[in-house]
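The sequence and model come next.

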Amino acid sequence: MTEAKKTTGNVEMKDIANLCKRRGFIFQDSEIYGGIGSVWDYGPLGVELKKNVKDSWWERMVYERTDVEGLDAAILMNPETWKASGHIASFADLLVDCRGCKKRFRMDKISGKECPECGGELTEPRSFNLMFKTQVGSVEGQAQDVYLRPETAQGIFVNFENVLTVSRRKLPFGVAQIGKAFRNEITTGNFIFRSREFEQMELEFFVKPGEDEKWYEYWLGERMDWYCSLGIRKEHLRLREHRKDELAHYAKKCHDVEFLFPMGWAELEGIANRTDYDLKKHSELSGRDLVYFDAAAGESYTPYVIEPSGGIDRAVLAFLVDAYRTEVVRERKRVYLSLAPRLAPIKAAVLPLLKNRPEVVEMAHRLRDDLKGGYRVIYDDTAAIGRLYRRQDEIGTPFCVTVDVDSLSDGKVTVRDRDTMEQDRIEASQVKNVLKSRLGSFSE
Ligand code: GAP
C-alpha cells in the first residue's frame, strides 16, 4: 500500500480550467482567432463526460420511470412562442454603464450608486433583453425576426397536445428534453458557469391542480438525490428557496439546487412550480385549447407544471470540481479526478509496461479489443508507466490495466485502482468481468 497524505478541499477555478484545457476537456471556442466571450468547445474528453452526464439524466428521468416521455424540439420557434411565454416582455436584465471606465454592470449585482471598479458615475439603468435575435427567410424586407431559444421548456409546452395525443397519457406525466439554449449574458466569467451558448436538461411534469405542491416536494428530493448518486458530496449541495422578489414571472414557488463552487454557493438547477401559466398563455395566443380532459373526474382543466431545469455545463463543472483531489505520494503531488465511474470519460486504459517487447504490446492490444464495447477503453504506450498512470489519474480513469513480461507466461495482468492506487494481479481473461462488476450496472 502506498502512503498518501490527503490535501483535498481548496480547489480553485483556475485549477479546473487549466486541467480542462491541458487534458482536452474544454477549450475556448474559436481560440485561434482570440476566442469569443463565454462560448466554449468540448474536447475529446469533455464530449465523453458531457455525454455521460446527459445519458445519466435521461436514464433516471425517462428509462427508470413509467410516467415520462422524451422530446427533441427545434431551437428556432415561431416568435409568438416568446410573446406568450413572457420572454419578449420580461426576459431582461437592468444594466448600468460607468461613464468613467465604460464598464457595464447588472443593476442587481452592485450596491451603491458608484462604479464598483473605479468609483465613477453610473448611467440610468436600461433594460437589455437576453435573447439572441436572428432572421428566417432570404428575401430582403420579408425576412422574419426569430430568436434562439433561451430555454428548452417552451418546445415542450407547444408540443403538449401532440405528446398527450400520441402517448395517451393520463396525469401526472412528464416530458423530458435535453438541448441547447442561448442567452446574451452580461455578467460572465467563472469558466463555463455562465455561458452564452449552453445546454439544458429540463423536465416539464404535468399534474392536476391541487396536487402540485406534493409533486413539487417530490422533485426537490429526487433531483438532490440524482446529484448525490453521481458522487457529489452532500455537504456541497443545498436547496435555497427564492424570495418573492426574485421569482420568475411564471413561478409560484422556486428552489435552486446550489453547489459549493470555488467562487461560493451558486445555482446548479432550478426547480419551479410554473402553475398553469405557460399552457394558458399559449392557449390564449394560439387559439388552441391546451386543456386536459380528466375522464375519471369528468372535467377539463389546464394542468399545473413542476419543472426541474438543470444546466448540463454547470453540472459538468460541479462534477469536475467535486472530483478534483490532490495528495502527496512519496513526496510528489498527485492530482486525480475521483469521478463516479458512470461519468468517467474513459473507463479503463490498457498500458504495456515495456513497449519494446512486441509480444507485450500485442497482448495489450488484444486485451483492449476484448474490453471494448459500450464505453471507452484506450491503449496508451506513449510514455513510461509512472507518467501514464498520472495522466489517467488526472482525467479520472477508474482503472489502469498493465501488461508486463510476466503476463506472457502466467497470463495475468495488473489492475490498478485510481483512488486507492491498490493493485490486483488477475487473469487477463477475467479483466472484463472484474471491470463490469466494479463499473456498475450501466456497463451490463
Ligand atoms: N426553464 C427554466 C429555466 O430556464 P433558469 O433558472 O433560467 O430556468 C435553468 O435556467 C438552468 O439552466 C440553471 O439552473 C443553470 O443550470 C442553467 N443555465 C441558465 N443560464 C445559463 C448560462 N448562461 N450558462 C450556463 N448554464 C445556464
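## Salt bridges

The structure holds 49 salt bridges, a salt bridge being a side-chain nitrogen of Lys or Arg within 4 Å of a carboxyl oxygen of Asp or Glu. The model is predicted: local features need pLDDT of at least 70, side-chain atom pairs count only at pLDDT 80 or more, and totals for chains, interfaces and linings use all residues. Residues are numbered from 1 along each chain as its sequence is written, and side-chain values use heavy atoms, with hydrogens and water left out.

R233 pairs with D322, with 3.2 Å between the closest N and O atoms. R233 lies in the loop between α7 (212–229) and β12 (237–241), and D322 in helix α9 (residues 312–323), so the bridge ties together parts 89 residues apart in sequence. Helices (H or I, at least four residues) and strands (E, at least two) are DSSP runs, numbered from the N terminus. D322 is buried, at 4% relative accessible area, while R233 is partly exposed at 25%. Buried means under 20% relative accessible area, exposed over 50%, and partly exposed in between (1.4 Å probe, protein chains only).

## A charged network

R238, R240, R243, D245, E246, D256 and E258 are linked in a network of salt bridges. One of its pairs is R238 with E258, whose closest N and O atoms are 2.8 Å apart. R238 belongs to strand β12 and E258 to strand β13 (residues 253–261), so this pair connects parts 20 residues apart in sequence. E258 is buried, with a relative accessible area of 6%, whereas R238 is partly exposed at 34%.

R240 and E246 also meet in a salt bridge, at 2.9 Å from N to O. R240 is partly exposed, with a relative accessible area of 24%, and E246 is partly exposed, with 25%.

## Domain 1 and domain 3

The domain assignment gives domain 1 (4–90 + 130–321), domain 2 (92–128) and domain 3 (346–443); such bounds come from an automatic or database domain assignment. The C-alpha centres of domain 1 and domain 3 lie 38 Å apart. Their contact (heavy atoms within 4.5 Å) takes 7 residues from domain 1 and 6 residues from domain 3.

About 680 Å² is buried between domain 1 and domain 3, and carbon and sulfur atoms give 51% of that area. Buried area is the accessible area (1.4 Å probe) that two parts lose on being put together, summed over both. In domain 1, R23, L45 and E48 lose the most area to domain 3, together 55% of what that side buries. The count between the two domains is 2 salt bridges. E394 forms a salt bridge with R23, with the closest N and O atoms 2.8 Å apart. On the side of domain 1 that touches domain 3, the elements giving two or more residues are α1 (13–23) and α2 (44–63).

## Helix α6

Helix α6 (residues 160–167) has F160, V163, L164 and S167 as its buried residues. Seen down the axis, these fall within an arc of 100 degrees, so they line one face of the helix; the arc is that of the directions from the helix axis to the C-beta atoms. T165 and V166 are exposed on the other side of α6.

The buried residues of α6 pack against several elements, including β4 (68–71), α5 (153–157), β10 (173–182) and α8 (277–286). After α6 comes R168, which has a positive phi, near 50 degrees.
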